[in-house]
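I opened my notebook to get to know a new structure. Here is what I looked up, entry by entry.

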Amino acid sequence: MLDDTQQQDQLARDAAAAFQAQGLTADPATLQLLFTEARTHYGWQDRDVAEETLQELYEIAKMGPTSMNQQPLRVIFVRSDEAKDRLEPCLFEANRPKMRAAPVTAILAYDLNFWEELPHVFPANKHAQDIFKNNATAAQVNAFRNGTLQGAYFMLAARAVGLDIGAMSGFDNAKVDEEFFHGTSLKSNFLVNLGYADTSKIFRRLPRLTYDQVCETI
Ligand SMILES: Cc1cc2nc3c(=O)[nH]c(=O)nc-3n(C[C@H](O)[C@H](O)[C@H](O)COP(=O)(O)O)c2cc1C
């Protein structure tokens with residue numbers, strides 16, 4: 001007789017096997033949308049982004065894997081003029097107009113106290129919290145690694161729901177932390193402008209490193 005957890009594991013294995021049997025690969029349009037034709041954008045149409053679209057984005061992004069299911073990503077969607085006024089002085093000069101023109105700028109942060117959620121999100125290991133609770137270095141390394149991974153999932157999920165993106169790390173992290181995260185365990189990572197792009201503002205595509213430059217099979 002299987003207990004509850006074992007039954008859930010069996011159901012998950014059945015679902016994974018059925019899904020794998022479909023042999024799916026991404027269709028060409030999806031690859032273009034997410035990677036090959038998608039560009040980083042710097043100018044924005046005067047067209048709003050619905051709150052539901054941002055929620056849809058997160059519902060997709062949250063499914064990307066993180067180690068021990070840590071999920072340290074925390075997000076502030078900066079939309080109002082007041083919030084943009086607070087963000088603007090934190091940015092390098094050249095990035096300010098890009099942020100101002102975007103209907104929404106997401107501050108992607110990570111929570112150094114992500115481990116507080118581990119009993120809920122990683123119940124398999126009862127001692128998971130102890131690894132990070134009294135080890136600031138381990139907490140920082142894991143929060144930054146997994147928060148950055150989630151940042152990448154976030155950008156691709158934004159494209160998946162039809163948004164254009166322009167990421168920005170050209171800002172003073174300490175200033176953003178002081179302005180938005182003072183007295184909390186959150187640290188800023190990078191920003192993502194979100195909206196519908198003014199395609200006249202992009203530049204030519206820059207070269208990517210080749211397979212041979214980057215990859216090795218041993
Ligand atoms: C994490 C991150 C930070 C970035 N920071 C900035 C930035 O501060 N300002 C800027 O104009 N572009 C920034 N970029 C844009 C990159 O230069 C751009 O994504 C890259 O050249 C690829 O462009 P493409 O997607 O159009 O091929 C950033 C991109 C990423 C992913």
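This is a predicted model: local features need pLDDT of at least 70, side-chain atom pairs count only at pLDDT 80 or more; totals for chains, interfaces and linings use all residues.

Entry 1, Glu179. I looked up the surroundings of Glu179 and found 16 C-beta neighbours inside 10 Å, so Glu179 counts as partly exposed. The cut-offs I used: with C-beta atoms placed from the backbone, a residue is buried if 20 or more other C-beta atoms lie within 10 Å of its own, exposed if 12 or fewer, and partly exposed in between. Glu179 sits in helix α9 (residues 173–181). Helices here are DSSP runs of H or I with at least four residues, strands are DSSP runs of E with at least two, and both are numbered from the N terminus. Leaving out residues up to four places away in sequence, Glu179 touches Arg86 and Cys90; contact means that the C-beta atoms, placed from the backbone, lie within 7 Å. I also checked Met168, eleven residues from Glu179 along the chain, and their C-alpha atoms are separated by 17 Å.

Residues are numbered from 1 along each chain as its sequence is written.

I find ten helices and four strands, and their order from the N terminus is α-α-α-β-α-α-β-α-α-α-β-α-β-α. Of the 218 residues, 28% count as buried.

How far apart are the end C-alpha atoms of α1? They are 26 Å apart, which agrees with the 26 Å that its 18 residues (4–21) should span at 1.5 Å a residue; the expected span is 1.5 Å times one less than the number of residues. I looked for buried residues in α1 and the count is zero, so to speak a helix that is hardly covered. Gly23 follows α1 and has a positive phi, near 60°.

I followed Phe154 and, not counting residues up to four places away in sequence, Phe154 touches Ala61, Leu108 and Val192.

Key: Two residues are in contact if their C-beta atoms, placed from the backbone, lie within 7 Å.
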